[in-house]
Amino acid sequence: MGLVAMQLAQTLSKPLVRQREPKPTDVFLTERTISPLGPQHHPDESATDALGRIAYQKLVGRQPSPRMKNRLSWGVHIGYGLFVASLYGLTRGGRTRRPLRDGLLFGTGLWLFGEELAVPLLGLGDKPTAYHPTLHLQTLLAHLGFGLATAGATQLVEARS
Amino acid sequence: MSETVGDFVTQRLYAWGVRTIYGYPGDGINGVVGAIDRATPKLRFVQVRHEEIAAFMACAHAKFSGEVGVCLATSGPGAIHLLNGLYDASMDNQPVVAIVGQSKRISMGADYQQEVDLQSLFKDVAREFCQTCMHPAQARTLIDRAMRIAMATHSVTCVIFPADVQEERAIEEAPRTHGAVYTGVGYSESRILPHPDEIARAVEILDEGERVAMLVGAGALGCSEEVMAAADTLGAGVAKALLGKAVLPDDLPYVTGSIGLLGTRPSDLMMQNCDTLLMVGTSFPYADWLPRPGQARVVQIDISPRKLGLRIPGDVLLHGDARDTLRLLVPKLRRKEDRAWRRGIEAAVADWWKLLEARAMTSADPINPQRVFWELSPRLPDDCILTADSGSSTNWWARELKIRPGMMASLSGNLATMGPGLPYALAAKFVHPDRPVVATIGDGAMQMIGNNTLIDVAKYWREWEDPRLVVIVLNNGDLNQVTWEQRVMEGDPKFNASQVLPPFSYADYARTIGVEAIVMREPADIVPGWEQAMATRRPVVVEAYTDPEVPPLPPHITFDQAKKYLESLVRGDPRRWRMIKESAKQMWAGVVR
């Protein structure tokens, strides 16, 4: 449910997103990263694309095909979503009385520490300033959607049980 | 006909094209010195204050003339004093011949006064050729071989003459007996070119590269046109090792300047992000500033096969002369139509010059050393020769001074010794008396050997067609490069007992020996100081009182460096508050420019 909400928020906010004016120095991938590991993603890859590709390369020893890469990316996306939603359920389940507040906090936290911090620090995305502010807004909205849906679903499950 | 072996030696050196010998006399070499007197004015003896200066000058003579540099010293202590300058020549691959005296043959092995085992002393630095002349008939062979081997291998050679041999009657031609040899004068450079198959492989790699970087060094001096053609075809940027500073002018938008700890940000960015590296005539030592293993494919060109694949594994190693190899290679390359990489490099270079200006214009106490160099750069005479010493001043020399076409520049590249800045400048004046010379030196090197060399400047300057020799001394009272290394590499605070220099007025000293002097005590003195220095028709010492706490920031700061810097603060660096303040100002200048 959370992932569906996230996808929905992303689709709805798409018209708002602007691209950052390209700079000649964008050719320096190391300039676009804050990761001590250096850039781990290719210029056209999302964080989930990159993670899927890296895992595949480690296991299989070669680059995945574009189709496989897409599947892997979705796998990572869904797997990560399920993982963090479970974490939310485990830590908040049974005590949640204010799903709106908790969902917003959870989504914001996930966005801040995952999307804005962990992803660039691991080199799976560029440094935050490499993206147009509207893209940050879009990912925030998507994560808020995910957080709210996760909190709502948790509340629903608890109410039924 | 030669009278003595000493006379024969001087005549033979003259026949090889030697016109100047840098040295210091002593009783172990008097037989040759007397012969040089008799050979004057065909041969010129340049007496300097210390044998080390003579060896540095021989090295610089080779660097600035392309000829063999010759230095001379007496036995024992004089010979020992030569060593540092000879190592400088050896490590920078310069042809230098050392003529050294020795105890008489009857004293050798007697633990005699000043008797040193010179064969052993010089066997490393003159590893290509080091021989003792034990018989007058040997002199011809030894001089011929020393000269030819120095030229052919770009190395230091040494001939040792026992004092009594120098005074013996010369034997120009050995008697025709079994064992006698008859060497001759003359050497001509070969044209060394790689195999065509290797050129084809290099073309393939360079054509496939999408982000090509070039790194050029001393081996590319004199082939600017070829390097520019290669860079243009490949859409590459060009970084320069310090000894290759004069390969390309710095006003070309794709020249990223120096590389390494003393290097520039665009050079660093280019190396970190390239997928192909073309190295031309360089054995730049710091592999940590080159592409990471597996990051880039490497094509290397070098005249010396010993230098190939030395710092980074090469995919194609081309043994050949830089100019001739590039002339073969470049026409076969496909011009890169996608210029995005090149545009990125040019943008980074333009940004770098703005950053340098912002850093240079930041205030300091009393003067920011970067500003001294920043203001000097546009005021350098067109055809000047630049020399540098080793120390924190080398950072600013490497980064701030923009080389223009026709200029020459050198320093102790691989030995990176303190001391050669002024001896190099003096040698440059002997080689090119019609060109202005600008030497940059720290106060440590000035106290070590520069002040003595300044006496030689005072001695000789009236002979020069253009008497301008500008000596910049950064007076910060600190062995500054090492102080920063103690802080940033060891995490140690500045150790005053080892780092602080005794106060000394270089300007007052210069005036007492008849050299002009200009003092820069505050930023307002800098521009008028340079204008006056460049307009003065005699040697000038420019003493700039600079701030030792302005950090020589590297192109990127590693986590370990940052940690060590903080450790030095925590451990109580005596200048910690000023360190913090000046570092913050330098960093801030980069943010707000």
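Which residue in E6(B) is the bridge partner of Gly101(B)? In this predicted model, the partner is Phe161(B), and the pairing belongs to a set of 7 bridges that join strand E4 (residues 96-102) of chain B to strand E6 (residues 156-162) of chain B, the two running parallel.

E4(B) also pairs with strand E3 (residues 69-73) of chain B, again in the parallel sense, over 5 bridges, and here Gly69(B) stands opposite Val96(B). Between E3(B) and E4(B) the chain passes through helix H4 (residues 77-91) of chain B, making a β-α-β crossover that is right-handed.

In a regular strand the side chains alternate between the two faces of the sheet. For E4(B), Val96(B), Ala98(B), Val100(B) and Gln102(B) point one way, while Val97(B), Ile99(B) and Gly101(B) point the other way, and all are buried. Because 7 of the 7 residues of E4(B) are buried, the strand is largely enclosed by the rest of the structure.

Turning to chain A, helix H4 (residues 99-121) bends by about 25° at Trp111(A), a residue that is itself buried, as are others of H4(A) including Phe106(A), Gly107(A), Leu110(A) and Val119(A). The cover over the buried residues of H4(A) includes helix H2 (47-60), helix H3 (66-92) and helix H5 (133-160) of chain A. After H4(A) comes Gly123(A), whose phi is positive, near 80°.

Key. Residues numbered from 1 in each chain as written. Chains lettered and ligands numbered in written order. Predicted model: local features only at pLDDT ≥ 70, side-chain atom pairs only at ≥ 80, totals over all residues. Bend = angle between axes of the 7 residues up to and from the residue. Helix = DSSP H or I, 4+ residues; strand = E, 2+ residues; numbered from the N terminus. Buried ≥ 20, exposed ≤ 12 C-beta atoms within 10 Å, placed from the backbone. Contact = placed C-beta atoms within 7 Å. Pairing = 2+ DSSP bridges. Right-handed = clockwise from strand over helix to strand, strands pointing away.
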